Amino acid sequence: MTEQLYLADSSVRSFEATVERTLNDRVVLDRSHFYPTGGGQPHDTGTLAFDGGEAAVTDVAKTDTVYHTVDGPTPEAGTTVRGELDWERRSAHMRYHTAQHLLSAVLLDEFDAETVGNQLYADRARLDASYPKFSETDLADVEARLNELVDDDLPVRHYTMERERAEAELDTQRTRIDLLPDSIAELRIVEVGDPDDPFDRTACAGTHVAATGELDGVEVTGRTTQGSETERVTFTLG
Ligand SMILES: [Zn+2]
């Protein structure tokens, strides 16, 4: 399995790696900072540069390992490549993903509405929550609360924790541990807020900004129903 470097540090924009193998237009590296599509967050794009060529990375998917689909010359196994992320796209994804953590927490805190799905893009995002119907006032309140959290510029950090310990010590519904497959024994916990009294704590393998101030303002743009018990809330960032 490719070492997924963004899990340890999601602020890195370029890196060196070695090609392990290629399958037609797909390249497997020993290590990579490219985020593969997952958890509602789209894959990164960018380039792989190497002696004798440069290829665009157009898709990144994780199955048994991480596959980088390239457009251009394909480097051979053993080649050293320099990966460069499209940082505008990735940083937008990190901002929207972090905002989604805040929105999930606010909906759970204030409406007992659990997040059941989410999808983000570089310029907008949506979140589905178990709730009959949010009113205009509800949405205005949610937006105001989110902007308080942005103004507070809360730190965002992550660490790993044994699943058994996490299940004993953390709120499993809130951290969403109960949704993870049994095979996952070590969790990556993402915390927002004061280390002694975090505002939110979730098990998550996505990429996040370092502090909520980077979200630069949240606008809740609307809601639609996804059935009698599910609401879809859409938002954009400043
Ligand atoms: Zn996350």
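Tutor: Let us begin with a single contact in this predicted model: the bridge partner of Lys 62, in strand 7, is Val 66.

Student: How do you know that strand 6 and strand 7 pair?

Tutor: Two strands count as paired if there are at least two bridges between them, and strand 6 (residues 53-62) and strand 7 (residues 66-71) are joined over six bridges in the antiparallel sense, so by that cut-off they pair.

Student: What makes the strands a barrel, and in which order do they close?

Tutor: Six strands close in the order 2-3-7-6-5-8, with antiparallel pairing. Neighbouring strands of this sheet are turned by 45 degrees against each other on average, direction ignored.

Student: Why is the largest pocket said to lie between domain 1 and domain 2?

Tutor: Domain 1 (3-85) and domain 2 (90-237) both give residues to its lining, and therefore the largest pocket lies between them. Its space is about 970 Å³, and among its 36 lining residues Leu 180, Ala 203, Cys 204, Ala 205 and Gly 206 lie nearest the centre. Helix 1 gives the most to this lining, with six residues.

Student: Where does the second largest pocket lie?

Tutor: The second largest pocket, of about 210 Å³, also has lining residues from both domain 1 and domain 2, so it lies between them.

How values were computed:
Residues numbered from 1 in each chain as written. Predicted model: local features only at pLDDT ≥ 70, side-chain atom pairs only at ≥ 80, totals over all residues. Heavy atoms only, no water. Helix = DSSP H or I, 4+ residues; strand = E, 2+ residues; numbered from the N terminus. Axes fitted to C-alpha atoms, helices over the stretch in contact; angles between N-to-C directions. 1 Å grid on protein atoms, 1.4 Å probe; cavity = no way out; pocket = protein on both sides within 12 Å on 5 of 7 lines; lining within 4 Å. Points joined across faces, edges and corners; volume = space filled by probe spheres on them. Domains from an automatic or database assignment.
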